[in-house]
Amino acid sequence: MAGPIEPRFDGATKHVLLADDRAFLFPRNHTIVAQLERECDVYATVDHPLVSKLLGRWDEPAISPYPFFAVTRLRGSVPDDTSPEHLRILAEQLGTAIAACHDVDVEHVPPRLWANAWSEPPPTPPTATDCYSPLRELGGTERLAESVAPFLGPAARKTLLEALEAVDAMDPVLAHGDLYENHLLLDASGTLTGILDWGFGGVLNPLVDFTCSQWDSASWAAERSYGDLRRHLWTAYAEHRKVPLPSWEQVHLALTTFDIAALAPETKSHYYWQKSAEWQAARRAAARDCLLAQLE
């Protein structure tokens, strides 16, 4: 390898040395090793131009007290334009790319990735009923339907429950698990050139890549209406997946109900934890209005 090395030491979990054609990844400390190992398992598994490829792994105490890795370098910069038009284009490009990644055969995924980053993997690849799901994280379909039942009639509740069940029954995929702007790269024209930081990737319900809970407030503010970001993501995704999927209407109902539950003051979860209480209250009110409009 020849040429200059560009250090990047501002990452939350790893130090990065950038060469012309590759990036060297070093865990910040011993607590990050397992997360970086699973991230590089993804790079060894996914074959997509927007995802780095694993080039090597080394244990060299003279260089680093922890294992370190090399992956192909992806060019671009983190998006800084959150105009409505740019948000739509970015969401469509991302939905298309995620569809290809979700189509990876789960049977070829390393066992380390058969669960989320906080759980021990099962002995066999998970199924739709036992993989991690954002809806089950908040109590499951029945509990979510029950949480909004006070302002729904029986017919509307039945429609909602059917949507929640359809979305929760999707077959598990190799998902990113932590998608938001800081994990994306764009070129000067605004074209998506990379999807970074797969350390929370795993065989999970596809919905994990559509909750969008970590997206910046500026991107939410660029939505033309509630759910616009996720609509563009999902419609592009569904168009390019190779399997039958729930309709956007069902996904929209499920994600709207998810927001109502995840943003409730009494809910203790990692979703939306970085947003202010005022923002969460306003977003929850918008979700409730949207749910009622969908079920009229």
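## Surface and charge

The chain exposes about 13800 Å². Carbon and sulfur atoms supply 53% of that area. The model is a predicted one.

Charged side chains come in two sets. The chain carries 25 positive and 41 negative side chains. The centres of the two sets lie 2 Å apart.

## Overall fold

Nine helices and nine strands make up the secondary structure elements of the chain. The radius of gyration is 20 Å, close to the 19 Å that the globule rule gives for 296 residues, so the chain is as compact as a globular protein of that length. Taken along the principal axes, the C-alpha atoms fill a box of roughly 65 × 45 × 35 Å.

How much of the chain is buried? Buried residues account for 51% of the 296 residues. Contacts also reach across the sequence. Take those between residues at least 6 apart: 66% of them join residues at least 24 apart.

## Cysteines without disulfides

A disulfide is a covalent bond between the sulfur atoms of two cysteines. How many disulfides does the structure hold? The count is zero.

Two cysteines show the distances involved. For C101, the closest cysteine sulfur is in C40, 15 Å away, and that is too far for a bond. The cut-off for a disulfide is a sulfur pair within 2.5 Å. For C131, the closest cysteine sulfur is in C101, at 17 Å, again too far for a bond.

Are these two residues buried or exposed? C101 is buried, with a relative accessible area of 0%. C131 is at 4% relative accessibility and counts as buried. Both values fall under the 20% limit for buried residues.

Most residues other than glycine have a negative phi.

Where is D197 found? Its place is the loop between β8 (192-195) and β9 (202-204). D197 counts as partly exposed, at 25% relative accessibility.

C212 sits in the loop between β9 and α6 (217-221). Its relative accessible area is 3%, so C212 is buried.

Key:
Residues numbered from 1 in each chain as written. Predicted model: local features only at pLDDT ≥ 70, side-chain atom pairs only at ≥ 80, totals over all residues. Heavy atoms only, no water. Helix = DSSP H or I, 4+ residues; strand = E, 2+ residues; numbered from the N terminus. Rg over C-alpha atoms; globule rule 2.2 N^0.38 Å. Buried < 20%, exposed > 50% of the residue type's maximum accessible area, 1.4 Å probe, protein only. Contact = heavy atoms within 4.5 Å. Areas by Shrake-Rupley, 256 points an atom, 1.4 Å probe, with all protein chains shown as cover. Lys, Arg positive; Asp, Glu negative; His and termini not counted. Charge placed at Lys NZ, Arg CZ, Asp CG, Glu CD.
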